Amino acid sequence: MKRFLIADDSKASRLMLQALLQKHLAEAFETQMASNGDEAVAAYLQYRPDLVFLDLTMPVKSGMEALREIIAADERAKVVIITADTQKITHDKALQAGAIDFINKPLQDALLKRKLEVWL
Amino acid sequence: MTQTSLFNDDQADVFRELINIAYGRAAGLLHQFTGAEIQLHVPQVAFFDYAGFIADIEHNIAPQMVLSQQTFSGRLAGETIMLLSATDARALSGLLHPLQPLQDDQVLSTIFEIGNIITTSSTQILSELSQVPIAYTSPVTAFYDPPSLQTLLAGIRYQDVLSISTYLDIPQHNVFAKIYYLFYRDALALLANSLHT
């Protein structure tokens, strides 16, 4: 069974992504939620998910900091950035830090469906 | 500041995320125009009465300020206010005009354009998500000292307004501005239903 970590300070966005995963994935999966960067790192280390969905603009610890810590702990971690930040420099920094992909909010249903096939 | 029962925590979460998405769009455009990296912050949500809003503005007053105000209308009616010190306004304007020192009128016209970019690009995504059209007035941008800002604020009579604020923060260039998105009461339900699968 696939395991996902959804890290986003917005509860609405976490639930929306979870609903879209349920819509697009035929097989059962487990999800762990985190609402800030600190929780994301801790959850990753404990839960070792197959895929992490990581927001960048979060309190306590930013998603970019969390990304670097997750990759430092596990260079094979698969982290997808899902963010409102549309700056190219942010995109480039995230991929340089080890994210496997970067998509912007608001989440587009069709794009997520296509991407899931690539990521998984 | 008054937090009322007009919205609950889940709705506040949706308002916060909407402005996060909306302002993220604006930040991408500003990054394209200026080349500067904009640091995004988690937006703050509050429901202000008039006194609360004025108190929040006064908390950010510097000896000389620039304020850019732009109204949008339609079912999603409100306005944006960008408030920054004159020093920050000159630094921000200098990002778009790096080769020459700017006169005050050039600073104002640049802040006018930046305010317009922020308002239109960010509220367009709100318009798409809520599926209602938004119309804009031209921004009003001016320098203010504390007494003239007080006079301006005295002319604003919000009964109550949803304020979602964030920052235009460009650390590398010492630019820091507060941006308010103000929505009138009628827009609350529309906004609250704008994020859904």
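A crossing of two helices is called right-handed if the near helix is turned clockwise from the far one by less than a right angle, and left-handed if it is turned anticlockwise. In this predicted model, helix 2 of chain A passes helix 3 of chain A in such a right-handed crossing. The points below set out that helix pair, and then the other topics in turn.

**Helix 2 and helix 3 of chain A**

- The contact draws on Gly37(A), Ala40(A), Val41(A), Tyr44(A) and Leu45(A) from helix 2 of chain A, and on Gly63(A), Glu65(A), Ala66(A), Glu69(A), Ile70(A) and Ala73(A) from helix 3 of chain A.
- Sorted by class, the residues of this contact between helix 2 and helix 3 of chain A are 7 nonpolar, 2 polar and 2 charged.
- Helix 2 of chain A covers residues 37-47 and helix 3 of chain A covers residues 63-73, and the two pack at an angle of about 20° with their axes 8 Å apart.
- Because an angle under 35 degrees counts as roughly parallel, helix 2 of chain A is described as roughly parallel to helix 3 of chain A.

**Chain A as a whole**

- Chain A contains 5 helices and 5 strands, and along the sequence these follow the pattern β-α-β-α-β-α-β-α-β-α.
- The radius of gyration of chain A is 13 Å, close to the 14 Å given by the globule rule for 120 residues, so chain A is as compact as a globular protein of that length.
- Along its principal axes, the C-alpha trace of chain A spans about 30 × 30 × 25 Å.
- Of the 120 residues in chain A, 40% are buried.
- Among the contacts in chain A with a separation of 6 or more, 63% are between residues 24 or more positions apart.

**Where chain A touches chain B**

- This contact involves 20 residues from chain A and 19 residues from chain B.
- On the side of chain A, the elements that give two or more residues are helix 1 (11-24) and helix 4 (88-97), and helix 1 of chain A gives the most, with 6 residues.
- The side of chain A that touches chain B has 9 nonpolar, 6 polar and 5 charged residues.

**Leu162 of chain B**

- Leu162(B) lies in strand 6 of chain B, which runs over residues 160-170, and it counts as buried because it has 23 C-beta neighbours inside 10 Å.
- Apart from neighbours within four places in sequence, Leu162(B) is in contact with Phe15(B), Phe47(B), Phe183(B) and Leu188(B).
- Leu162(B) and Gly78(B) are 84 residues apart in sequence, while their C-alpha atoms are 9.1 Å apart in space.

Technical notes
Residues are numbered from 1 along each chain as its sequence is written. Chains are lettered from A and ligands numbered from 1 in the order in which they are written. This is a predicted model: local features need pLDDT of at least 70, side-chain atom pairs count only at pLDDT 80 or more; totals for chains, interfaces and linings use all residues. Axes are lines fitted to C-alpha atoms, for helices over the stretch in contact, and angles run from 0 to 180 degrees between N-to-C directions. Helices (H or I, at least four residues) and strands (E, at least two) are DSSP runs, numbered from the N terminus. Angles under 35 degrees count as roughly parallel, over 145 as roughly antiparallel, 65 to 115 as roughly perpendicular and the rest as oblique. Two residues are in contact if their C-beta atoms, placed from the backbone, lie within 7 Å. Ala, Val, Leu, Ile, Met, Phe, Trp, Tyr, Cys and Pro count as nonpolar, Asp, Glu, Lys and Arg as charged, and the others, Gly among them, as polar. The radius of gyration is taken over C-alpha atoms; the globule rule is 2.2 Å times the number of residues to the power 0.38. A residue is buried if 20 or more other C-beta atoms lie within 10 Å of its own, exposed if 12 or fewer, and partly exposed in between; C-beta atoms are placed from the backbone.
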